[in-house]
Amino acid sequence: VLSLKALLLTLLLVSGERAIAGNAERGKALYFGKTTLSAQVSGADLPGQRNACVSCHRHSALGGFEADLVVPAIAGRFLFQPASPLTGHSLPWAIEQQERPAYTLDSLHEALTTGVSPAGRRLRSVMPRYQLTREDVADLSAYLSQLDGRVPPGVRDDKIYLATVITPDVQETDSQAMLATLNAFIRAKNAATRQELARSRVSARSQQQMYRNYRSWELLPWRLTGAAHTWPQQLETLFTQQPVFGMVSGMSGADWSAIHRLCESRELPCLFAQLRQVPQLTEQDTAFFNVYFHSGLATHLSVAEHWLKSKDVMHYQLQGPLPAPTQLALLNQNSAWLSDELASSVKSKGAVVALVKPQPDSSVEVSIGQESIRIADAPPAVVNARSNAWLLKNGLAHLPTRITGMALQAVTAMAEILSHADLSFSAAYCLERLEHGLESMPNYTGYERLSLAPGQRFAAKGSFVALGGSQQWTWWQP
Amino acid sequence: MKARILTLALLMTSSWAIASDYAQRVQDVGAIGAARLIARDGRVHSLAQDLESPETVVLNFFFTSCSSFCSTQTATLAELQKRLMQRNKKVRFISLSIDPDSDTPDAIRKFVSPFGIGAGWQFYTGKFDDMLQLQKQFDVYRGSKAAHAPVVLIRSSLGSKWLRVEGYPDLAALERLVVAR
């Protein structure tokens, strides 16, 4: 079936003089900027590292809204079809794209090199003008045509399946608090969905344009068992039994990398697990579909450095267990971090060496002589008027607010991004909406601010700090 | 026939819209506070002090993970800087981050490096509240970084008002505006 499809695409891309069979792999490299291009914008050169299609049209190739710009969807199923103002359901649709004939290889080459659309309109000046060969354009077209907009398996006509993962180390009371919050939210959401579905039957317009993406949600608690090395297999089995669209919250004190990897390989938006530590990833791992509240140790150590610099301390030493690569990276990146031998030699010369001690609960203690601070990713109790009101209304106010607030944030974020979904329920596009939208959403957590952006996968950018043995936690940013 | 007239009108409207892809007006900004801004090399600067210089100043806002015009605007300003140098016109460039939570000096260095930027151009980050205050003062704050406004501000000399250029001017237009002032 695939080769037949490829053949059809090649035929579709037959241009004026001759057919060029595009190479989708090469096209993907162009799209993501792995192969750099020459481009001009507003009369200036736009450097190769900054002119890839993906920078504006995004991972999904469905475009986006930023500033006062509408960056149109350019996946092949839109580009190579005639467009009308109704094309693309909820997707960004620029005025230059309205009422245009389907792009051909020739007209796409024309638009990319000269900035004139097949309808004869000039594209906005922020769209770069590229130096591209017809072969390049054929490659790009082949890649864009691969993005076929199949609805992911976790979405059915009447239902969206979501999962939340709980690893075996988690205390039952904690996971119950999280599940109670997620379930209360989903019950209320599903109650409202009944009316939205009823409204969709009112008129042709509402069937065509509105309410089409409403589904009731079903949450599957995926409780992993046994040793961590068996989790990838358990997760695959669970996913095969009932595919899900994404994950909301989740809880673990152990290594989350198995869940992270499932979300990346199956392209599932996995939002805001409640973790002790960030997953132990390697260079080969991608990190697009997973978003987290906090980067843990990485941010804590930056905060520690910030504090030590403010105290004019020039040397620091790590004490206690830390993953070897992190140790090594620290020693390499900043000469202020001393190895054990260096520390004792510096101390023998009378210099002050601060001690930085990662704790088992994932906080970090920093001390200079008698003076010390503790750095943590969330204070023990969270007072948040917004989530408290909601929890009270739902009879959940007695549960630990740190857990319920974070769970509420995760499930609210899922509702927010699904409200932007296009008809293909593109997970990548949903995540791209979260990158832009999180900052404007209510914050139910104890974190000072939450925000994301393209490439950012940790929403809280600072840590909580308590001086000495006090319980007064304040928010610090490195 | 009716359809044809409508098409013509649309075409005219759209070409007019392209011809004026930016708008300009004089803007009163008021006195700049004493916020401590951090440059790419990690040193502390004061915008108020920078603006005490008699030179022409070109100022804009950006963030490193922007997925729209930050790169194109920076590229255009970088070319503008080169042209002004060729004309021996001394102009100070200042770019202010609207995402100081993520835009560390290191992140900004990485963002800037491909653009071939000359001396006399500062990129600043700082405390969230300070950068927010500056966005409000220059009237570019639109509620979130994703909703940022495409604005370049030009101040011809010490004490003069700012010229606010909003939209997507091309290089030639920007050069005219800076040189004319």
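Let's start with the open sheet in chain A: seven strands in the order 14-13-15-16-17-18-19, with mixed pairing. At the edges sit strand 14 (337-338) and strand 19 of chain A, each of which pairs on one side only. Please keep in mind that this is a predicted model, where local features need pLDDT of at least 70, side-chain atom pairs count only at pLDDT 80 or more, and totals for chains, interfaces and linings use all residues. Residues are numbered from 1 along each chain as its sequence is written, chains are lettered from A and ligands numbered from 1 in the order in which they are written, and side-chain values use heavy atoms, with hydrogens and water left out.

A few words on terms. Helices (H or I, at least four residues) and strands (E, at least two) are DSSP runs, numbered from the N terminus. Two strands pair if DSSP finds at least two bridges between them.

Now, what packs on the sheet? Helix 13 (residues 340-348) of chain A does, touching strand 13 (315-318), strand 14 and strand 15 of chain A. Contact here means heavy atoms within 4.5 Å. The direction of helix 13 of chain A makes about 140 degrees with that of strand 13 of chain A; axes are lines fitted to C-alpha atoms, for helices over the stretch in contact, and angles run from 0 to 180 degrees between N-to-C directions.

Let's walk along strand 16 (residues 364-368) of chain A. Four of its five residues are buried, so strand 16 of chain A is largely enclosed by the rest of the structure. Buried means under 20% relative accessible area, with exposed over 50% and partly exposed in between (1.4 Å probe, protein chains only).

On one side, four bridges join strand 16 of chain A to strand 15 (residues 353-358) of chain A, and the two run antiparallel. Leu355(A) has Ser367(A) as its bridge partner, while Pro358(A) stands opposite Val364(A). These strands form a hairpin with five residues between them, and Ser362(A) in the turn has a positive phi of about 80 degrees.

Strand 16 of chain A also pairs with strand 17 (residues 371-376) of chain A, in the antiparallel sense over five bridges. There, Glu365(A) stands opposite Arg374(A). This hairpin has two residues between the strands, and Gly369(A) takes a positive phi near 60 degrees.

On to the aromatic rings. Rings of Phe, Tyr and Trp (its six-membered ring) pair if their centres lie within 6.5 Å; planes under 30 degrees apart count as stacked, over 60 as edge-to-face and the rest as tilted. How many aromatic pairs are there over all chains? The count comes to 20. In one of them, Phe464(A) and Trp475(A) have ring centres 4.9 Å apart and planes at 70 degrees, so the pair is edge-to-face. Phe464(A) is in strand 18 (residues 463-467) of chain A and Trp475(A) in strand 19 (residues 473-476) of chain A, 11 residues apart. Phe464(A) counts as buried at 6% relative accessibility, and so does Trp475(A) at 15%.

In chain B, Phe93(B) and Trp121(B) have centres 5.0 Å apart and planes at 35 degrees, so that pair is tilted.

Finally, Arg449(A) lies over the face of Phe128(B), at 3.4 Å from the ring centre. The rule asks for NZ of Lys or CZ of Arg within 6 Å of the ring centre and within 35 degrees of the ring normal.
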